[in-house]
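Please have a look at it first.

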Amino acid sequence: MAGIAADNEVTVKNLLSALEGESNASAKYNTFAIKAEADGFRGAASLFRAAARAEQIHATNHARVILQLGGQVSIKLHEIEVGSTLDNLKAALAGEQYEIDPMYPEFIAEATAHNNTAAIRTFHGAMEAEKTHARLYAEAIALVESGAKDAWTNKPRNFYVCPVCGYTSETPDEHDRCPVCNAPWDKFEVIR
Ligand SMILES: [Fe+2]
Ligand SMILES: [Fe+2]
């Protein structure tokens with residue numbers, strides 16, 4: 001890869017891998033949202049759409065750093081396996097858990113060893129946002145499994161997504177600023 005300093009080669013490889021993961025997650029969640037709508041889990045569909053938007057923000061952030069480091073951006077999209085909405089929620093949670101540990105911690109450790117602050121920032125923002133997704137997916141799984149008629153997973157609802165780091169909340173006024181990146185909460189995108 002011409003244009004990449006030798007010191008940054010592994011960091012760029014990790015950024016490309018994260019970019020591919022985030023891009024595929026975004027496409028997958030948008031597809032899972034369509035399936036959730038069809039299954040009548042319209043609140044789960046809202047969550048999939050919000051998380052899809054957050055993953056798109058992560059992909060954009062990673063791509064920006066790849067370009068800054070002299071790399072080329074390329075993304076391979078994979079076939080999407082669609083199951084029941086409960087299966088899709090479980091697959092989404094497993095993907096988030098893999099990113100939270102081990103993927104992003106390994107990438108952060110490598111970028112830290114090379115003192116690459118831009119890479120550390122984009123990996124860290126994504127990892128912290130994935131924790132909010134894991135929490136919300138776990139909650140949605142429990143509600144779908146419970147079969148409760150009044151569960152939030154059944155009705156369309158708002159989620160709030162940080163436009164900078166993808167932090168995702170179900171609460172319109174959880175904080176004044178994003179707890180991960182400090183962006184003003186009133187700049188958050190409302191996804192339904
Ligand atoms: Fe996520
Ligand atoms: Fe943020």
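Predicted model: local features only at pLDDT ≥ 70, side-chain atom pairs only at ≥ 80, totals over all residues.

Asn182 sits in the loop between strand 2 and strand 3, where strands (E, at least two residues) and helices (H or I, at least four residues) are DSSP runs numbered from the N terminus. Asn182 has a positive phi of about 75°, although it is not a glycine. For context, most residues other than glycine have a negative phi, and most peptide bonds are trans. With 12 C-beta neighbours inside 10 Å, Asn182 counts as exposed; here a residue is exposed if 12 or fewer other C-beta atoms, placed from the backbone, lie within 10 Å of its own, buried if there are 20 or more, and partly exposed in between.

Residues are numbered from 1 along each chain as its sequence is written, while chains are lettered from A and ligands numbered from 1 in the order in which they are written.

Asn115, in the loop between helix 3 and helix 4 (117–146), also has a positive phi, of about 55°, without being a glycine. Asn115 counts as exposed because it has 9 C-beta neighbours inside 10 Å. In helix 3 (residues 85–113) we find Pro102, and the peptide bond leading from Asp101 to Pro102 is cis, with omega near 25°.

Turning to the strands, there is an open sheet of 3 strands in the order 2-1-3, with antiparallel pairing, and two strands pair if DSSP finds at least two bridges between them. Its edge strands, each pairing on one side only, are strand 2 (168–169) and strand 3 (189–191). Strand 1 (residues 159–161) is joined to strand 3 by 3 bridges, and within strand 3 it is Glu189 that is the bridge partner of Val161.

Finally, how do helix 1 and helix 4 pack? The axes of helix 1 (residues 9–39) and helix 4 come within 11 Å and cross at roughly 30°, the axes being lines fitted to C-alpha atoms over the stretch in contact, with angles running from 0 to 180 degrees between N-to-C directions. The two helices are therefore roughly parallel to each other, a label for angles under 35 degrees, with over 145 being roughly antiparallel, 65 to 115 roughly perpendicular and the rest oblique.
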